[in-house]
Amino acid sequence: MTSVLVRDLTLRYGSIEVLRALNLEVTEGEFIVLLGPSGCGKSTLLNCIAGLLDISDGQILINGKNVTWEEPKDRGIGMVFQSYALYPQMSVEGNLSFGLKNARLPREEIAKRVARAAEILQIGPLLKRKPSALSGGQRQRVAIGRALVRDVEVFLFDEPLSNLDAKLRSELRVEIKRLHQRLANTMIYVTHDQIEAMTLADRIAVMYGGEIQQFDTPQVIYNKPVNRFVAGFIGSPGMNFLDGTVEAAGEPTFHLGDFSVPLSRYGFDGSAGPSGAAVLGVRPEHIAHGAAAAGQPFSREVNVEIVEPMGSDTLVWSKLGGQNLSFRVEAEKPLSVGDRILIGFDPGRASVFDSSSGRRL
């Protein structure tokens, strides 16, 4: 069953189109992440779904009801903002119950909902404290609880972890994942952090320039990005991009300087690979080295130029065909600048993009 449906949504400010004919279908119980750089329109889209912005064209349906022009309170959503937005003069319990009191719910029902949210978020011992006596992570839990007590089917999160330090972000990311598994509610989550997106989402909508570039599972987006932007935005460290040409006559081949990379194992989107200027994208973690590289369809020796220890592994920089190339090696492998090392990869796991349009070939 469709939980949230966005049809041809357009938002204009004068002659400027901020969002262009967006379509998004979220099924019941899904965890959807809107991912993209600052200014791509992800928070704007979330605010449109929440009813905080009036759209120019299109429709928004929540649980089958057209809510395009409904007030936020009538849309059946709970929203968690980037800012905690807690009332400093109220206790945690007061913050959780404030909206329910304004809605004139019975006292027993309010107490029941507050107790349930406190139990789920493990903030029961904090109910009598004021926000000033809470840590950042505790405040964010209260902000989530304030949405949770509304007992709605759709939750919207607008970069809720961006104000926290890296360790706390990691901890709360796990808590949000557990919360979704326990509640099984539909959740739409905005972030610019690809790690949050990859670890939380059932599906990711990658946005850029007011448009959805790709909407699919994390695995598909990681392994088969539809264009160069998506490929470069997903992955840390980023994908290697090597400029060259594709020759489709006979066995398809990617030419890179004096090297030729066979593309017979690569799955072109069309029935036959086109010829012309192209970009080969290879993720650092897909490049083998040493003995493992010898069995790859493409392998070459390269010089080690930079070694970056990263704890669990090491990132090595070299050049292939005169272009920068990075790859991962085990942290225990001794490497120094100037060493020669054999690397190789399977072009079937690579991505090939058209140089002019950036789309996947």
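## Packing of α3 against α5

In this predicted model, helix α3 (residues 107-121) packs against helix α5 (residues 166-183) at an angle of about 130°, and their axes are 11 Å apart. Axes here are lines fitted to C-alpha atoms over the stretch in contact, with angles running from 0 to 180 degrees between N-to-C directions. The angle makes α3 oblique to α5, a term for angles that are not under 35 degrees (roughly parallel), over 145 (roughly antiparallel) or 65 to 115 (roughly perpendicular).

R116, E119 and I120 of α3 meet L179, R182 and L183 of α5; contact means heavy atoms within 4.5 Å. These residues divide into three nonpolar, no polar and three charged. Ala, Val, Leu, Ile, Met, Phe, Trp, Tyr, Cys and Pro count as nonpolar, Asp, Glu, Lys and Arg as charged, and the others, Gly among them, as polar.

In α2, the buried residues are V92, G94, N95, L96, S97 and L100, where buried means under 20% relative accessible area (1.4 Å probe, protein chains only). They pack against α3 and α4. After α2 comes R104, with a positive phi near 60°.

The largest pocket has a volume of about 620 Å³. Of its 27 lining residues, I77, M79, G99, R146 and R150 are the closest to its centre. At least two lining residues come from each of β6 (77-80), α2 (92-102) and α4 (136-148), and α2 gives the most, with six. The lining comprises 18 nonpolar, five polar and four charged residues. On a 1 Å grid over the protein atoms alone, a pocket is an open set of points where a 1.4 Å probe fits, with protein on both sides within 12 Å along at least five of seven lines; lining residues have an atom within 4 Å of a point. The volume is the space filled by probe spheres set on the points.

## H286

H286 is found in the loop between β14 (276-282) and β15 (288-289). Its relative accessibility is 12%, so H286 counts as buried. Beyond its neighbours within four places in sequence, H286 contacts Y222, N223, G344, F345 and R349.

## The chain as a whole

The protein chain has nine helices and 21 strands, which are DSSP runs (helices H or I, at least four residues; strands E, at least two) numbered from the N terminus. Of its 361 residues, 48% are buried.

## Basis of the values

Residues are numbered from 1 along each chain as its sequence is written, and side-chain values use heavy atoms, without hydrogens and water. Because the model is predicted, local features need pLDDT of at least 70 and side-chain atom pairs count only at pLDDT 80 or more, while totals for chains, interfaces and linings use all residues.

Definitions and conventions. Buried < 20%, exposed > 50% of the residue type's maximum accessible area, 1.4 Å probe, protein only.
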